[in-house]
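The exercises below are for a reader meeting this structure for the first time. Each one sets a task and then works through a solution in steps.

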Amino acid sequence: MILTSSIINHKRVESRIKELSAIGKIEGTGVCRLALSKEDRQAVELVQSWMEEGGLKTHIDDFGNLVGRLEGRDKSAPILRIGSHIDSQPYGGRFDGVIGVIGGLEVAQTLHEKGIVPPVSIEVVAFCDEEGSRFNKGLFGVRGMHGRLEEDELERKDQHGTTRKEALIEFGCDPNQFLKWEYKDEEIAAYLELHIEQGPVLEEKGQGVGIVTGISGPLWLTVELAGFAGHAGSVPMSMRQDALVGAAAIITTLNNIASQNIENPTVGTVGNIEVFPNSRNIIAEKVRFTIDLRDMDMERRNAYEQDLRKAIGDICAEQGLTYTIKEDTNSKPRYCAKWIKDCMKEGAALMNISPPELMSGPFHDALVMSYVCDYGMIFVRSKDGISHNPKEYSSYEDIALGTELLYHTAEKVLEKL
């Protein structure tokens, strides 16, 4: 569906997305804009300039979050927050996260341009490091804002040995000032996020936008296997303690566990692997790899996790390896608030559309916000379901549709706050 008339300025939304995609551009239409990098800082400053142009008061906190605030009539009341992120995967697309920040800004700027002062203040946030690709743990900015960081967060290193603390300081932040920027949960009334679907459901249904029902629970593990290095040409196969062979068996087992019932929304992925000493003629002594296991059903996910842990133990015993398993993230599925979904349906009715409901396999900043306040999400159709890839694409017509629905939803939510 193409909007024949709209409240939001869809040309401005399109122009901003295109301009932002030039920062960290790769592979023609791709983006590499890692959290707390020079490219990330450049992007944050560009969006900050748009926020100020749109009538918002802005600041960058010491977690690296960019916040734009449109003051409401009651400045002390709990706020409506709208947000997402602008950092990317190393081999990412130009729409992931970005449409939520640009769309949220468009909602606030449109209200400002129409001379509407909302009953409560609206904050539009570009959260720092949602992706987690640089330091192997995401949702950093939103967790920081709400006092949910873990003890070793600042000591995590990227592939070049830079710690998150060092990257924050280089970005212009002061980690010693974190407490100054933390919010109390009661300061936030509700949270909205617009995001590309990153999956094929809306395209299969022939729908440009959808209403999210909830976010599946991600479990992130880091597994390290240790064997014994030896000459690839002289150590008999029966005498090897090959850590990479063990890793391969575990990865295959994870795939089998996650795909045992194709009717379930379970997914399991190994997306990062490191081999030592990483030489073609030396048997791998150490292997470190990540595991990502997700499901909407916690009982099933927990059972699959136990199956996987047992398999890791059995495989390592068979291969003569030792191992460690570190849990990086463990979240339960989080369901969207019914009253916010109802606001979306009311807004959709004004646009003469009937968006389908669907779940989210990927996590988003909304996952953390779900522990703070009621939340809702709008998905925009992704071509071929592709994301985290330069071929990621959502049409600007669909993005305009999603942004318009976000505007009407925000109006309905504000009426109820």
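**Exercise 1.** Does E123 count as buried or exposed? Then find its salt-bridge partner and say what the pair joins.

Solution. The model is a predicted one.
Step 1. The cut-off for buried is a relative accessible area under 20%. E123 has 3% relative accessibility, so it counts as buried.
Step 2. E123 forms a salt bridge with R69, and their closest N and O atoms are 2.9 Å apart.
Step 3. R69 belongs to strand β4 (residues 66-70) and E123 to strand β6 (residues 122-127), so the pair ties together parts that are 54 residues apart in sequence.
Step 4. The pair is also part of a network of salt bridges that links R69, E71, R81 and E123.

**Exercise 2.** Compare the salt bridges E14 to K18 and E346 to K416 by location and by accessibility.

Solution. Side chains of opposite charge can pair when their charged atoms come close.
Step 1. In the bridge between E14 and K18, the closest N and O atoms are 2.8 Å apart. Both residues lie in helix α1 (residues 10-21), 4 residues apart, which is about one turn of the helix.
Step 2. E14 is buried, with a relative accessible area of 18%, whereas K18 is partly exposed at 44%.
Step 3. E346 and K416 meet through their side chains at 3.8 Å, N to O. This bridge links distant parts of the chain, with E346 in helix α9 (residues 338-350) and K416 in helix α11 (residues 396-416), 70 residues apart.
Step 4. E346 is partly exposed at 34% relative accessibility, and K416 is partly exposed at 44%.
Step 5. For the whole structure, the number of salt bridges is 27.

**Exercise 3.** Describe helix α7: what is its length, which of its residues are buried, and what do they pack against?

Solution. Start with the length and then turn to the faces.
Step 1. Helix α7 covers residues 243-258, 16 residues in total. From first C-alpha to last it reaches 23 Å, close to the 22 Å expected at 1.5 Å a residue.
Step 2. Its buried residues are A243, G246, A247, I250, L254, I257 and A258. Viewed down the axis of α7, they fall within an arc of 100°, so they line one face of the helix.
Step 3. These buried residues pack against β9 (217-226), β10 (267-269), β11 (273-276), β12 (286-295) and α8 (298-319).
Step 4. The N-terminal end of α7 is capped by D242, which has a side-chain oxygen 2.9 Å from the backbone nitrogen of L244.

**Exercise 4.** Where is S21, and which residues does S21 touch?

Solution. Step 1. S21 is in helix α1 and is buried, with a relative accessible area of 15%.
Step 2. Leaving aside residues up to four places away in sequence, S21 touches V31, R33 and R94.
Step 3. The C-alpha atom of S21 is separated by 38 Å from that of R280, 259 residues apart along the chain.

**Exercise 5.** Describe the protein chain as a whole: how many helices and strands does it have, and what is its radius of gyration?

Solution. Step 1. The chain has 11 helices and 16 strands.
Step 2. A compact globule of 417 residues would have a radius of gyration near 22 Å, and the 22 Å of this chain agrees.
Step 3. The C-alpha trace spans about 80 × 45 × 40 Å along its principal axes.
Step 4. Of the 417 residues, 56% count as buried.
Step 5. Among contacts between residues at least 6 apart in sequence, 79% join residues at least 24 apart.

Conventions:
Residues numbered from 1 in each chain as written. Heavy atoms only, no water. Helix = DSSP H or I, 4+ residues; strand = E, 2+ residues; numbered from the N terminus. Expected span 1.5 Å × (residues − 1). Buried < 20%, exposed > 50% of the residue type's maximum accessible area, 1.4 Å probe, protein only. Arc of directions from axis to C-beta. Contact = heavy atoms within 4.5 Å. Polar contact = N/O pair within 3.5 Å; in protein donor to acceptor, adjacent residues only side chain to side chain. Salt bridge = Lys/Arg side-chain N within 4 Å of Asp/Glu carboxyl O. Rg over C-alpha atoms; globule rule 2.2 N^0.38 Å.
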